[in-house]
Amino acid sequence: MKIVLVGYRGTGKTSVGRALAHRFNLPFRDTDALIEQRAGMPIPEIFARFGEEHFRELEREVIASLRDADGVISTGGGAVCDPANVEHLRWRGATVLLTADPRIIEGRIAGSDRPGLTHLSPGDEIQELLRRRKRAYLGAADVCIDTGSRSVEDIADEICRYLTDGPVPLEQRREAGRHPAALDRAQLARVVERDPLTRICGIAGNPCAHSRSPTLYNRLFAHFGMNYHYTRLQWHDVGEIIRFARSMQIRGLSVTIPFKVDVMRHLDEVDAHAAAIGAVNTVVHCGGRMYGHNTDWLGVMNPLGHRRGARAAVFGAGGAASAAVYALLHLDMDVTILNRTPDKARRLAERFGCEWAPLGAFVGSDADVVVNATPVGMEPDTRSLLAADQLAAGTTVFDLVYTPPETPLIMEAKRAGCETIPGTEMFVHQAVEQFRLITGIAAPPSLVREMMM
Ligand code: NAP
């Protein structure tokens, strides 16, 4: 058995860890103590003589050495900011995030000889680091427990209950296997019956029967040694899917058509990128709160990183176009939106402060990058938005449509001597970012591509 405690300093990882180790009769392994052993000096001295980077290097070595260890492992507060550490910690283990109010943390760590990591006052440093590490903490944990002003034994009791009974009582788990939104009810019922600790994730959409995400995610979970299962949730009302996800303690959701906008009002927090785009495609559930994010824009931005500052034409003014425009503006591109209904292009352009034009106004030599964010060319449609003679050689053409893998537009673009990026690349890169938000692990794009096959 491998139990990993993560969280900020002063949240009780060491004292709770010792209590848990005692109860389960397991060894207790504190990564900070192991680092001191390895370095032959206390942590303040490591920082003073060699700096934080050297400390992080030692931390990485120690955590890698614990990948297959059993026992209760307590990690340093910043360890989970490195996804490589999270990969080792999560490997065949259960990860528990301990949290506490910043004022309680400040009281607990007052008088410690550990050096500060910023030039801020202790109270401000706690606030700032908690803000910076929030995503990493929420992603790295299977379960989140507020240690507040509770006793060590009380917290250990709650973790023991979680490790024995799982996050949800058996009868409630059984009900999940009967919920009409669960497309794979029989399989879900078997999964929740077999092991109470298996954490559930899924895709919320209507329809989502043909989604590739279940295959991809279940392969990734197996690859990273995670006791997780990904399922499909299809219903006409996203509010009901979210209620179900809360009651079942579903850990993470991919959100797809038609819920990316509507889901936002059912969440506890929506991050700044998702709010600016006006859509959420990822939900992380931790400590009773649901956090909304958008990774679609990163799916457009990451494959276009080499075209920073270019002149870009985006076709379409719907949800995918909104994420695409946000991505291109982050790459300092000069963006023009072209749409069948010009008024929608105008409204989107006004929202983001860029140019707009009707579809017919496109001039190939005016664009270094072309993004198709319309469904034109999606199977069974065999039309292309643009013909080869409308495109200039050297232009980068990114077709967000991914069925078929080689769309009519991509074929025209190749004929014109353009660089082409297929829609599967958007799917791959948004999935990499979504998997990181939900698990804290950075899956390489090449692994995601391989696992989609
Ligand atoms: P949406 O919100 O419905 O917007 C569709 C846009 O396409 C609208 O601006 C619409 O113009 C335009 N359009 C529709 N039919 C057209 C036609 N025949 N000719 C010209 N323009 C047309 O859809 P969305 O969510 O943005 O998705 C758009 C496409 O992006 C999808 O079909 C999908 O293939 C792709 N996508 C890919 C990924 C990925 O991971 N690769 C992710 C998301 C979406 P009007 O305003 O005039 O109606």
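1. Just after helix α5, Gly111 has a positive phi of about 85°. This is a predicted model, and the value is computed from it. At the other end of the helix, its start, a side-chain oxygen of Asp101 comes within 2.9 Å of the backbone nitrogen of Arg103. Helix α5 covers residues 102-109.

2. A positive phi also occurs at Asn25, which is not a glycine; the angle there is about 55°. Most residues other than glycine have a negative phi. Asn25 sits in the loop that runs between α1 (13-24) and β2 (28-30).

3. Two cis peptide bonds deserve a look in the model. Most peptide bonds are trans. Pro207 belongs to the loop between β6 (199-205) and α10 (213-223). The other runs from Thr403 to Pro404, and its omega is near 5°. Pro404 is placed in the loop between β16 (396-399) and α16 (408-415).

4. The chain is split into three parts: domain 1 takes 2-165, domain 2 takes 170-294 and domain 3 takes 302-426.

5. The centres of domain 1 and domain 2, taken over C-alpha atoms, are 28 Å apart. Domain 1 puts 17 residues into the contact and domain 2 puts in 18 residues. Between domain 1 and domain 2 about 1,400 Å² of area is buried, and carbon and sulfur atoms account for 55% of that area.

6. Polar pairing across this boundary can be listed briefly. Between domain 1 and domain 2 there are 10 residue pairs in polar contact, counting pairs with both residues at pLDDT 80 or more. On the side of domain 1 that touches domain 2, the elements giving two or more residues are α4 (83-90), α6 (122-140), β5 (143-146) and α7 (152-165). By class, that side of domain 1 holds eight nonpolar, two polar and seven charged residues. The number of salt bridges between domain 1 and domain 2 is two.

7. Salt bridges can also be viewed one pair at a time. Asp271 and Arg135 form a salt bridge through their side chains, at 2.6 Å from N to O. The count of salt bridges comes to 37. Another pair is Glu153 and Arg23, whose side chains meet at 2.5 Å, N to O. Because Glu153 lies in helix α7 and Arg23 in helix α1, this pair ties together parts that are 130 residues apart in sequence.

8. Which residues are closest to the ligand? They are Ala317, Ala320, Asn339, Thr341 and Leu400, out of 22 residues that surround the ligand. For Asn339, an N or O atom of the side chain is 2.8 Å from an oxygen atom of the ligand. Arg340 has a polar side-chain atom 2.9 Å from a ligand oxygen. In the side chain of Lys344, an N or O atom lies 3.0 Å from an oxygen atom of the ligand.

Note on methods. Residues are numbered from 1 along each chain as its sequence is written. This is a predicted model: local features need pLDDT of at least 70, side-chain atom pairs count only at pLDDT 80 or more; totals for chains, interfaces and linings use all residues. Side-chain values use heavy atoms; hydrogens and water are left out. Domain bounds come from an automatic or database domain assignment. Contact means heavy atoms within 4.5 Å. Buried area is the accessible area (1.4 Å probe) that two parts lose on being put together, summed over both. A salt bridge is a side-chain nitrogen of Lys or Arg within 4 Å of a carboxyl oxygen of Asp or Glu. A polar contact is a pair of N or O atoms within 3.5 Å; within protein, one must be able to donate a hydrogen and the other to accept it, and residues adjacent in sequence count only if both atoms are side-chain atoms. Helices (H or I, at least four residues) and strands (E, at least two) are DSSP runs, numbered from the N terminus. Ala, Val, Leu, Ile, Met, Phe, Trp, Tyr, Cys and Pro count as nonpolar, Asp, Glu, Lys and Arg as charged, and the others, Gly among them, as polar. A residue is near a molecule or strand if one of its heavy atoms lies within 4 Å of it.
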